[in-house]
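Dear colleague,

I am passing on the structure below, together with notes on what turned up in it. Please read the notes with the model open beside them.

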Amino acid sequence: MRTLTAIFFLALFLLLRPSALGSGGFWYSDDDQDYFAHASSIAYGQFPHYEKEFFNNKGLPLAAVGPGILAAPFVFVFSLIDRITQAPVIQARTRETILHSWSLYGFMVATIFYFWLGCALLHQGLRRHFSSAAATWAVILMILCQGLPLFAFRRPVFSHIFEFFLQSSMVCLFLMSTRKNWTWKNFSLSNNMAIGLLCGLIVLVRYNNLLIALAWPIILARASWPDLRNHKFWICAGTMFTTAAAMILFFKIWPGTLVPEVPSYLTNSIVIQKLGHIQSPLFYTQRTITILIGLDWGLIFSAPFACIALVTMIKPRSSIDKSFLWLLAPLIVNVYCVLNWGTQGGWYGYRYLIASLFPLLVYPFARQLENMKKLSQRSWAHGIIPAIASLPLLSMICFEASGGHFNLSVQGDLGWSNVSFQHQVWKTFLFKPGTMLEIILAAGPTYIAYLAQHILFWLHLSVKPYFDKYPDLEPVTLIKTIFLYALPFLLHFIWRRVQQPGAKELQSNG
């Protein structure tokens with residue numbers, strides 16, 4: 001876990017832009033505003049009413065409530081600072097009052113917390129089956145190198161990190177339940193209800209993951225009772241389904257009965273236009289090719305390790321492999337969304353797919369890394385994984401970088417995209433190494449240099465002010481940045497303390 005946490009911090013350091021903390025730049029418009037409205041309504045005791053919240057529609061926010069539910073405890077904790085300082089956000093949430101509030105910062109802390117926890121849970125599950133090295137690098141390469149960090153460190157008020165966390169939680173439970181010494185049959189009613197809450201949240205975070213939420217109770221219950229005629233199987237699965245349904249009823253259906261017109265994705269004209277029509281075979285063929293090798297967000301560039309893992313799943317080698325293969329089936333809904341939408345979804349990568357897909361691919365990928373031990377003894381093989389990893393890493397680092405050729409723009413009727421993004425990335429890398437170095441150092445390293453500049457100024461040393469993004473030293477921004485930098489190590493410390501009682505058992509099973 002130390003290596004995993006160190007790489008997690010490195011991704012945070014290179015991608016998080018402290019300058020955006022001072023300007024509210026992590027809060028995008030549209031869906032992001034809806035997600036925060038859900039969280040703030042709960043944190044400020046207004047739910048299920050939204051009169052004091054800021055969002056795009058009337059009545060209820062259109063975006064799903066799940067991210068707000070998960071982030072609400074953190075928003076509440078940091079809102080205490082707003083309450084103590086009598087910030088205007090406590091009276092009513094508007095764009096102006098939210099931007100610089102501690103409440104909004106709480107949502108960001110929540111996202112980074114769940115992202116780290118999701119990685120830790122995947123590592124925990126993999127350690128039940130593979131060596132520590134294979135488990136660690138499977139999570140690093142599959143999760144921290146392939147786009148998802150952008151949704152944690154650049155666009156945290158969104159849904160996909162919460163989607164990833166919930167999927168990772170279920171994968172961890174499944175991998176632990178497959179061990180012979182797992183005491184799943186001794187689980188109490190409350191434990192099954194807790195799993196049901198997770199399944200309900202899967203739906204409430206992303207509605208297109210309904211089939212995944214329906215599949216997990218079956219998979220987990222069968223891990224202990226393969227015979228469907230066993231009444232214990234139906235008690236276990238039924239408890240999970242009932243709890244999930246109650247969760248959806250309380251947070252989604254009940255609030256909708258309190259307003260005359262409830263906004264819905266099913267009545268949204270854009271959604272109907274994009275997803276409501278079956279296209280021609282030629283359209284789907286062209287889209288499949290674009291998704292795999294397109295110079296915009298082709299998976300071979302933005303998620304090559306996922307492609308490798310998918311290929312290895314063609315021939316399942318064990319019952320666990322077969323279970324993961326079955327779990328890929330519900331993702332046909334996500335694949336359909338990616339195909340029919342016509343773009344990657346308006347931001348980085350194929351976001352409708354990757355957050356739920358990657359946790360399912362970590363297990364087969366870890367097995368491949370375990371099998372590569374003999375290959376890694378050959379000197380020529382040492383550069384294979386770093387070479388592959390450079391594709392998604394440079395793709396992430398260059399996204400939203402300064403310079404118009406890296407930015408999204410309206411591409412005909414395709415919406416916001418960049419059809420030559422990967423070409424521009426490698427063109428810059430090969431022919432403008434100085435520009436690439438500036439992009440790599442633009443976030444955390446630049447902020448550290450900026451702080452050093454101010455320290456030299458305080459010491460009455462003459463320095464030239466290079467960092468115009470930080471015209472003044474803002475103590476609040478500094479405090480927020482330091483806390484986020486320290487958060488992975490704080491979580492690792494807590495994790496070690498919580499895991500200490502079972503450490504010897506894990507070593508004996510590993």
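**Buried charges and their partners**

Aspartate 32 and arginine 155 are both buried, where buried means under 20% relative accessible area, exposed means over 50% and partly exposed is in between (1.4 Å probe, protein chains only). Please bear in mind that this is a predicted model, in which local features need pLDDT of at least 70 and side-chain atom pairs count only at pLDDT 80 or more, while totals for chains, interfaces and linings use all residues. Residues are numbered from 1 along each chain as its sequence is written, and side-chain values use heavy atoms, with hydrogens and water left out.

The side chains of aspartate 32 and arginine 155 form a salt bridge with an N to O distance of 2.8 Å, the term being used for a side-chain nitrogen of Lys or Arg within 4 Å of a carboxyl oxygen of Asp or Glu. This pair links distant parts of the chain, 123 residues apart, with aspartate 32 in helix 3 (residues 31-43) and arginine 155 in the loop between helix 8 (148-153) and helix 9 (160-177). Helices (H or I, at least four residues) and strands (E, at least two) are DSSP runs, numbered from the N terminus. A search of the whole structure finds 4 salt bridges.

Another of these joins arginine 93 to glutamate 53, with the closest N and O atoms 2.8 Å apart. Arginine 93 lies in the loop between helix 4 (66-84) and helix 5 (95-99), and glutamate 53 in the loop between helix 3 and helix 4, so the pair ties together parts that are 40 residues apart in sequence. Arginine 93 counts as buried at 3% relative accessibility, and glutamate 53 counts as buried at 8%.

A salt bridge is also formed by the side chains of aspartate 321 and arginine 367 (2.6 Å, N to O). Since aspartate 321 lies in helix 17 (residues 319-328) and arginine 367 in helix 19 (residues 351-371), the pair ties together parts that are 46 residues apart in sequence. Aspartate 321 is buried, with a relative accessible area of 6%, and arginine 367 is buried as well, at 10%.

**Charges over rings, and ring pairs**

Two of the arginines named above also meet aromatic rings. The charged end of arginine 155 sits over the ring of phenylalanine 158, 4.0 Å from its centre, and the charged end of arginine 93 sits over the ring of tyrosine 44, 4.2 Å from its centre; the criterion is that NZ of Lys or CZ of Arg is within 6 Å of the ring centre and within 35 degrees of the ring normal.

The structure holds 50 aromatic pairs, where rings of Phe, Tyr and Trp (its six-membered ring) pair if their centres lie within 6.5 Å, and planes under 30 degrees apart count as stacked, over 60 as edge-to-face and the rest as tilted. The rings of phenylalanine 8 and phenylalanine 115 have their centres 5.4 Å apart and their planes at 45°, so this pair is tilted. Because phenylalanine 8 lies in helix 1 (residues 2-15) and phenylalanine 115 in helix 6 (residues 102-126), the pair ties together parts that are 107 residues apart in sequence. Phenylalanine 8 counts as buried at 1% relative accessibility, and phenylalanine 115 counts as buried at 0%.

The rings of phenylalanine 151 and phenylalanine 158, by contrast, have their planes at 0° and their centres 6.3 Å apart, so that pair is stacked. Phenylalanine 151 and phenylalanine 158 belong to one aromatic cluster, whose members also include Tyr28, Tyr35, Trp297 and Trp347.

**The nonpolar core and the chain as a whole**

The largest nonpolar core has 159 residues, and those with the most contacts inside it include Phe115, Phe153 and Trp216; such a core is a set of buried Ala, Val, Leu, Ile, Met, Phe, Trp, Tyr and Cys residues joined through side-chain atoms within 4.5 Å. Helix 6 supplies the largest share of this core, 17 residues. Leaving aside neighbours within four places in sequence, phenylalanine 153 is in contact (heavy atoms within 4.5 Å) with residues including Phe8, Leu12, Phe26 and Phe115.

Overall, the protein chain has 26 helices and 2 strands, and 53% of its 510 residues count as buried.

With best regards
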